[in-house]
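Biologist: I would like to learn how to read side-chain and packing features from a model. Can we go through some cases, one feature at a time?

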Amino acid sequence: MVKPEKDLSRALNVTTIGSSSETLVLAHGFGTDQSIWEKIVPLLTPHYRLVVFDWPFSGAVNDPTAYSPEKYASFQAFADDLIDLMEEMALKAVTFAGHSMSAMIGCMASVKQPHLFKKLILICGSPRYLNTEEYEGGFTEKDINQLLSSIETNYEEWVYGFSSMAADPNDPNSRDKFQKSLLSMGGEVALPLAKTVFLSDNREWLEKVEIPCTIVQPSNDMAVPHSVALYLAKKIKGKCDLEVIDAVGHFPQLTAHLKLVEVLKAALE
């Protein structure tokens with residue numbers, strides 16, 4: 001059973017699939033849209049009610065005014081959208097799976113409205129990408145400045161280079177899918193959003209997260225080093241399990257979807 005939703009959920013292209021009493025909300029990350037989950041949705045639908053949607057920055061969202069760099073200058077605005085969306089749909093005590101930036105968005109939303117969540121699944125999540133003397137986020141200040149400069153000066157060239165690094169280079173289909181999503185999003189959105197993502201520091205939220213979490217970390221992720229997964233597991237206040245998937249790249253839902261489904265099912269059970 002597939003049915004469209006309304007109002008905010010209509011604006012964010014929400015689709016509900018399945019009719020189980022167990023609800024799993026899937027939230028995509030930077031530069032993608034809900035189609036990033038297309039490999040795992042058919043495998044989960046027989047067992048769970050799935051809710052998928054597109055963030056306002058996604059190229060799949062029809063309203064070009066949906067994303068405002070001023071409004072979405074921090075992850076808190078996204079967390080507020082998630083809360084509003086779930087309340088509009090009368091969802092509560094759901095399992096939320098957030099990929100990349102959506103992992104921290106889910107954490108923030110769970111702190112603000114814990115009754116909406118019973119479990120968080122944090123896939124390739126990071127509270128901070130920039131290194132400090134005592135913290136390894138995966139990127140130096142020079143790395144991030146170069147990334148932002150490349151987005152601003154030659155977006156298409158950056159897309160082809162970044163997608164080849166972020167996805168498994170031996171999986172051209174996954175790389176091409178990420179490329180198309182980035183190009184659809186556009187450089188005018190990518191630049192301010194990249195600043196929000198790569199320059200943010202959301203570490204202080206972790207000790208406030210009391211909802212049980214499963215952290216999912218690929219064995220080789222260029223965007224999020226293993227040390228970040230360990231940091232999340234250490235700092236999150238609630239019960240935390242860390243699952244490492246043998247996969248290359250930042251998109252296990254594309255490159256290791258069967259392994260990810262196993263982890264998701266185990267977390268849901």
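Biologist: Start with charges over rings. Which ring does the charged end of Lys208 sit over?

Modeller: The ring of Trp205. The charged end of Lys208 is 5.1 Å from the centre of that ring. Keep in mind that this is a predicted model. There is another case to look at. Arg203 lies over the face of Tyr135, 4.9 Å from the ring centre.

Biologist: Now ring against ring. What describes a pair of aromatic rings?

Modeller: The distance of the centres and the angle of the planes describe a pair of aromatic rings.

Biologist: How many aromatic pairs does the count come to here?

Modeller: The count comes to 15 aromatic pairs. Take Tyr135 with Tyr231. Their ring centres are 5.0 Å apart and their planes stand at 75 degrees, so this pair is edge-to-face. The cut-off for that class is over 60 degrees.

Biologist: Where do Tyr135 and Tyr231 lie?

Modeller: Tyr135 is in the loop between strand S6 (117-123) and helix H5 (141-153), and Tyr231 is in helix H9 (residues 226-235). The pair therefore ties together parts that are 96 residues apart in sequence.

Biologist: Is Tyr135 buried or exposed?

Modeller: Buried. The relative accessible area of Tyr135 is 4%.

Biologist: What class does the pair of Phe178 and Phe251 fall in?

Modeller: Tilted. The ring centres of Phe178 and Phe251 are 4.5 Å apart, with planes at 50 degrees. This pair also links distant parts of the chain, 73 residues apart. Phe178 belongs to helix H7 (residues 172-185). Phe251 sits in the loop between strand S8 (240-248) and helix H10 (252-255). Both Phe178 and Phe251 are buried.

Biologist: Which residues do ring pairs link into a cluster?

Modeller: Phe53, Trp55, Phe57, Tyr67, Tyr72 and Phe78 form a cluster linked by ring pairs.

Biologist: On to helices. What describes two packed helices?

Modeller: Two packed helices are described by the angle between their axes and the distance between the axes. For H5 and helix H6 (residues 155-166), the axes come within 6 Å. They cross at roughly 130 degrees.

Biologist: Last, single residues and their contacts. What does Leu260 contact beyond its sequence neighbours?

Modeller: Setting aside neighbours within four places in sequence, Leu260 contacts Ile123, Val216, Ile245, Pro252 and Gln253. Leu260 is in helix H11 (residues 257-268). Leu260 is buried, at 0% relative accessible area. Gln217 is 43 residues from Leu260 in sequence, yet their C-alpha atoms are 9.9 Å apart.

Biologist: Which helix holds Leu44?

Modeller: Helix H2 (residues 41-44). Leu44 is buried, with 0% relative accessible area.

Biologist: How is Lys177 classed, buried or exposed?

Modeller: Lys177 counts as buried, at 18% relative accessibility. The cut-off is under 20%. Lys177 is placed in helix H7. Leaving aside neighbours within four places in sequence, its contacts are Ser35, Ile36, Glu38 and Leu254.

Biologist: Where does Pro212 lie?

Modeller: In the loop between helix H8 (187-198) and strand S7 (213-220). Pro212 is partly exposed, at 32% relative accessibility. Apart from neighbours within four places in sequence, Pro212 contacts Lys118, Lys119, Leu120 and Lys239.

Conventions. Residues are numbered from 1 along each chain as its sequence is written. This is a predicted model: local features need pLDDT of at least 70, side-chain atom pairs count only at pLDDT 80 or more; totals for chains, interfaces and linings use all residues. Side-chain values use heavy atoms; hydrogens and water are left out. Rings of Phe, Tyr and Trp (its six-membered ring) pair if their centres lie within 6.5 Å; planes under 30 degrees apart count as stacked, over 60 as edge-to-face and the rest as tilted. Helices (H or I, at least four residues) and strands (E, at least two) are DSSP runs, numbered from the N terminus. Buried means under 20% relative accessible area, exposed over 50%, partly exposed in between (1.4 Å probe, protein chains only). A charge sits over a ring if NZ of Lys or CZ of Arg is within 6 Å of the ring centre and within 35 degrees of the ring normal. Axes are lines fitted to C-alpha atoms, for helices over the stretch in contact, and angles run from 0 to 180 degrees between N-to-C directions. Contact means heavy atoms within 4.5 Å.
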